[in-house]
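Dear colleague,

Please find below the structure that I am handing over to you. My notes on it follow directly after.

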Amino acid sequence: MINKTIAELSKELHAKKISSVELTQQFLDRIKKLDKNLNSFITLTEDHALADAKKADAQIAKGATTPLTGIPFAHKDIFCTQGIKTSCGSKMLDPYISPYDATVVTRLKDAGTVLLGKTNMDEFAMGSSNENSFYGPVKNPWDLERVPGGSSGGSAAAVAARLTPGATGTDTGGSIRQPAALCGVSGLKPTYGRVSRYGMIAFASSLDQGGPLAKSAEDLAILLNAMAGHDERDSTSVDMAVPDFTATLNDSIRGLRIGLPKEYFDEGLDKNVAIAIQNAIKEYEKLGATIHDIHLPSSALSIPAYYVLAPAECSSNLARFDGVRYGHRCKDPKDLEDLYKRSRSEGFGSEVTRRIMIGTYALSAGYYDAYYLKAQKIRGLIREDFINAFKKVDVIMGPTSPTPAFKLGEKVSDPISMYLSDIYTIAVNLAGLPGMSIPAGFANDLPVGLHLVGNFFEEVRLLNVAHHYQKVTDWHTRSPKGF
Amino acid sequence: MEWETVIGLEIHAQLLTKSKIFSGASTAFGAEPNTQACAVDLGFPGILPVLNKEVVHMAIKFGLGVGAEIAAKSVFARKNYFYPDLPKGYQISQYELPIVGKGHLDVQLEDGTMKRINITRAHLEEDAGKSLHEDFHGLSGIDLNRAGTPLLEIVSEPDMRSAKEAVAYLKSIHSLVRYLEICDGNMQEGSFRCDANVSVRRKGDSKYGTRTELKNINSFRYVEKAINYEIERQIALIESGGKVTQETRLFDPAKNETRPMRSKEEANDYRYFPDPDLLPVAVTEEMIKTIRDELPELPHQKRQRFMEQYGLSAYDADVLVSSRALAAYFETVVEESGASAKLATNWIMGDLSAALNKENLEITESPVTTAQLAKLLQRIEDDTISGKIAKTVFEALWNKEGDVDHIIEKHGLKQVTDSSAIEKLVEKIIADNPEQVTDYRSGKDKLFGYFVGQAMKASGGKINPQQLNELLKKKLSA
C-alpha cells in the first residue's frame, strides 16, 4: 500500500479494499518507526489523523467524496494549522500555536485529506539543505549522510521514504523543486498567484508560492486541483478560472517544443547529472517532442538579484517576531530594546539572522537604489528573457539542481556555494512562472531531478508533459533502500 | 528685526469606514482594549492585508474636494520600524505614489480675505495601536483596537504665515472632510489630528529656516498656542545667537510649551519599499466621474451661495457653512419661517449657538428644532412678541416646555399692541412721575429711557416697543 500513488490509494479507498483509518495507521506506524533516522516531521498529529480518517471513512460510506478523501497527508510546518504547533522550523515559533488555518490547509482539509503531521524545514524556509532547522537537520532517505535539500526537505524526505503519500511545500527560490530532485520525488511550484499565500508564513512575499510534493505528476495534479484558486484574503492570488489539472494529463505531446537554455548546461553542472538529463531529453524526443536551443542571458544575475530581494522582503516580514505578542521572548528583559535584541537574537538561527541583516542593509537610506531597485530591474530582465523564450518553445527543461544530494555539513560554512545549488530554480521565482521537478534517473546512486518550466498559468501543460514521461519511465516509482 | 513664520501642516483624518483599512475588524471608538483587533491587526504569522475599497472611494472624494489630481495608479509601501504598538514591525502607508496629488484650498482669513493654501499630496495609511504607560506598574500595556484604522494624511505646502492662518486652514479642512462625510472630525478622540512644521526666517529671505515638527496637538486652540510658542522660541533662540535644530517636539498643553522628543525615537531609517502583499491601487476615469457626480455642495461653494442668495456677510456665511448640519439648519429655518435671513442668522449664531456651546451640544443635538425656531421667528415678525420676549420663549423652548404659541399663551407673553391700553398705561406713568416729567420737559432728554423702562416694567415687557415710543413722545411733548 505504502508504495502506491495517491491516485491508486484513492481507488483502493473507494473500492473499500482498505479503510482510511487502516491506511492512516500504516503511515503513522511507519513514521514512528522510521522517522527517528530521518527527522522529517516536527509534529506528529496522531489523534487528529485518526479522527480525520474516521470522518473520511464515513464520507466514503456515504459516497460523498473527492479523490483526496481519506488520503493521509502532511503539511510543511510553514502552513498555519489551527490548534496545532506551527513552528516554521524556528525556535522563535517553537511555542506557537496558530489560531487559524491557512487557506491551503482549509482547502485540503475540505477535500478530505487526513493530517499526519507537520514536516521539518529550514528555518523560515531559508536554506537549501534543511540544516537550518531548529529541530535539527533532515536526512536524505537515499543516503542518511546526505541532505534532502531545502527548504521543504522534510516534505520531500517523507514522501521519498513513504512516510506520507504527499505533502505541501513552499518555493521561494527552489524550495519545492530542489528537495524533490534530491529526494527523487515529484514537486510543483505553481505560477505566482495560483495558490493562496494566506496562512503561509511569509519569507519573501513576492516570490513565495505553495505547491504539492508527491510521487507522480498525476498526484500533483490531484493535489493542485484542491489547492489552487482565488482567495479573497490574498490580494496577490489571481482571480481566474482554475482548470481540472487531471483532465488533460493524457493529451498528446507530439510536436511539443522543448527549449534547452545553454546557460543551464554550464561548467557548474555535475557530469552524471548532465547525462541523466540528456537521457530524459532523448526520451522526450522519442515521444515526439522537438528540441530547441534557447538563451536566457540574464539568468546569470538571478542569484545576486534574488539575494537582495528575498532578504529585503524577509527583513520586513520577520519584523513582527519581536517577542511582544507571541513566540519566543527573552527572560527578564531590562527594557524594550533589550527585549527586542535578545528575543530576536535568541529566537532566530544564523542563516535567518544573516538574511535579515543583508535585507536591512539593502533597504537602508543611500543603498536602496543601488541594491533593491537595481535588483528589481534585473528581475524585469529575467522575466523578459522567459517571455521571449516562450514565444519559441512550450516548455523549458534542464537539471533542477547542479549536483545530486551533498553531504550534511559540506556547505554549511560556505553560504555562496549553498546558494548556488538553487542556480537553476531561482530565476523561475523571480519571473513568477510555474516550475516542476520530476525524478529522471540517478547520478552516483543518488536521484536526479528534471526541471520543467512552463509559461504563466500553464501548470496544465507541465503536468501533461511530466505525466507522459512517467508513463514511459519508472524513476518516480523507485524507493530508497530501507524505506 | 522682522521675522516671517513659515508653517506647513500634516493632517491625519481618520476615515469613516465601518471596518479597518486592511481587515474586517470594527473601527468603533472606545471598546475594551484589544477586543476590536483580529489576526490581521495583531500581525499574526501568515496573515495578509486586503484593501478596504471604501477608503479609496473616500480618498478620491477628498482629492476632488481640493481640486487635486487623482493618481491612476498608487502604491502601498512599508514603513519599517519597531514599536510594541506596531504589530507587524511596519506601517503600511503610501510613499512614492500617493493616491491624491497636488491640490489646493481657498481659506477665509479673519479679516475676510481669502488665501489659497496648496496641498502637496494626500495618502492612505493604517494607524498604529496605542501604548498605555500608566497603571501597569512599570510595564506598558498595548491596545491594538486602533491598529489598522484607516487614515488619510493630508500634507500642505509651507504656505501659512501665522498660527491664525494655520488654524483657519485646519478648520477649512476639518469642515471639508465632514461635508464629504469621510471623517467625523472628532479631535478629542483623535480622529482628526495634526502635526505642524514650523520655521522662521528674516523677512525677505528666500530660503526657509530650519523647521521643527510639532506633535500631539489635538485642538484648534492648542494648534495656535503650540505654533505661537514655537515661533517665539525659535526667534529668541536665533536672536541670542543659537541655531534651530531640526527635530520633533511634543506640545504640552498643561505647561503651554513644546519639548523635544527623545532623539532615539526619531533616529529611524524607515526603509520604505513597495508592499509585496498588495497590488497597486488602480483608479479609472469612470470611478472618478461617478464620485464627482455624487459630491455634495462643498463649503466654499455653499459660502458663496449663502452670500448671494441670503445677502449674508462673509463672516456670517463662513460660520454657518462651517458644518453641513448647521448650514442645513439655517436653510430650513429660513424656509419654514419665511423670516429674513438676517433674523435667522442672528438667532442661530446668537442665542442658539450660545446655548449649544454652554451644554457642549452639536447642532444635530439641539433641543430646539428647526420648526420651533421658525415659529418663534414668525411670532417676532408678526409682532406677537418682541425680540426681547422672544428670548424668554426661546429659553422655554430649550427646556422643552412645548410649542411656541403654547408657551406665549401659558406665560401671557403676547405683546400688547392695543393702542388704547398702551395709552392708558402711558398716562398712568406720566401721572405717577410728575417730577421726572417736569425735568424731561425742561430739557433732560435722557429721561425718556426712564419712562420706557417704567412702562416695560409695569407691563412685564410685553408692550410693542415701537408703539410705546411713539405714544410716550406724543404724550410727553403735549
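Glu230(B) and Arg233(B) both belong to helix 3 of chain B (residues 220–239), where three residues, about one turn of the helix, separate them. Helices (H or I, at least four residues) and strands (E, at least two) are DSSP runs, numbered from the N terminus. The two side chains form a salt bridge with an N to O distance of 2.7 Å; the term denotes a side-chain nitrogen of Lys or Arg within 4 Å of a carboxyl oxygen of Asp or Glu. Glu230(B) and Arg233(B) are both buried, where buried means under 20% relative accessible area, exposed over 50%, and partly exposed in between (1.4 Å probe, protein chains only).

Please note that this is a predicted model, in which local features need pLDDT of at least 70 and side-chain atom pairs count only at pLDDT 80 or more, while totals for chains, interfaces and linings use all residues. Residues are numbered from 1 along each chain as its sequence is written, chains are lettered from A and ligands numbered from 1 in the order in which they are written, and side-chain values use heavy atoms, with hydrogens and water left out.

Further salt bridges

Over all chains, the count comes to 58 salt bridges. In one of them, Lys342(B) meets Asp316(B) at 3.3 Å, N to O. Lys342(B) lies in helix 8 (residues 341–358) and Asp316(B) in helix 6 (residues 314–320) of chain B, so this pair ties together parts 26 residues apart in sequence. Lys342(B) is partly exposed because its relative accessibility is 47%, whereas Asp316(B), at 10%, is buried.

Arg379(B) and Asp405(B) form another salt bridge, their closest N and O atoms being 2.6 Å apart. This pair links distant parts of the chain, namely helix 9 (residues 370–381) and helix 11 (residues 404–410) of chain B. Arg379(B) counts as buried at 16% relative accessibility, and Asp405(B) as partly exposed at 28%.

The interface

Contact, meaning heavy atoms within 4.5 Å, involves 39 residues of chain A and 30 residues of chain B. The buried area, that is, the accessible area (1.4 Å probe) that two parts lose on being put together, summed over both, is about 2,800 Å² between chain A and chain B, and carbon and sulfur atoms give 58% of it. In chain A, the residues that lose the most area to chain B are Ser235(A), Arg320(A) and Arg325(A), together 21% of what that side buries.

How many salt bridges are there between chain A and chain B? The count is one: Arg197(A) pairs with Asp277(B), with the closest N and O atoms 3.0 Å apart.

The core and the backbone

The largest nonpolar core has 148 residues, and Phe124(A) and Met436(A) are among those with the most contacts inside it. Such a core is a set of buried Ala, Val, Leu, Ile, Met, Phe, Trp, Tyr and Cys residues joined through side-chain atoms within 4.5 Å. Helix 9 of chain A gives the largest share of this core, nine residues.

Phe124(A) also has a positive phi of about 50 degrees although it is not a glycine. Its place is in the loop between strand 3 and helix 5 of chain A, and Phe124(A) counts as buried at 1% relative accessibility. Ser151(A) lies in the loop between strand 3 (114–119) and helix 5 (153–160) of chain A, and the peptide bond from Gly150(A) to Ser151(A) is cis, with omega near 5 degrees. Most residues other than glycine have a negative phi, and most peptide bonds are trans.

With kind regards
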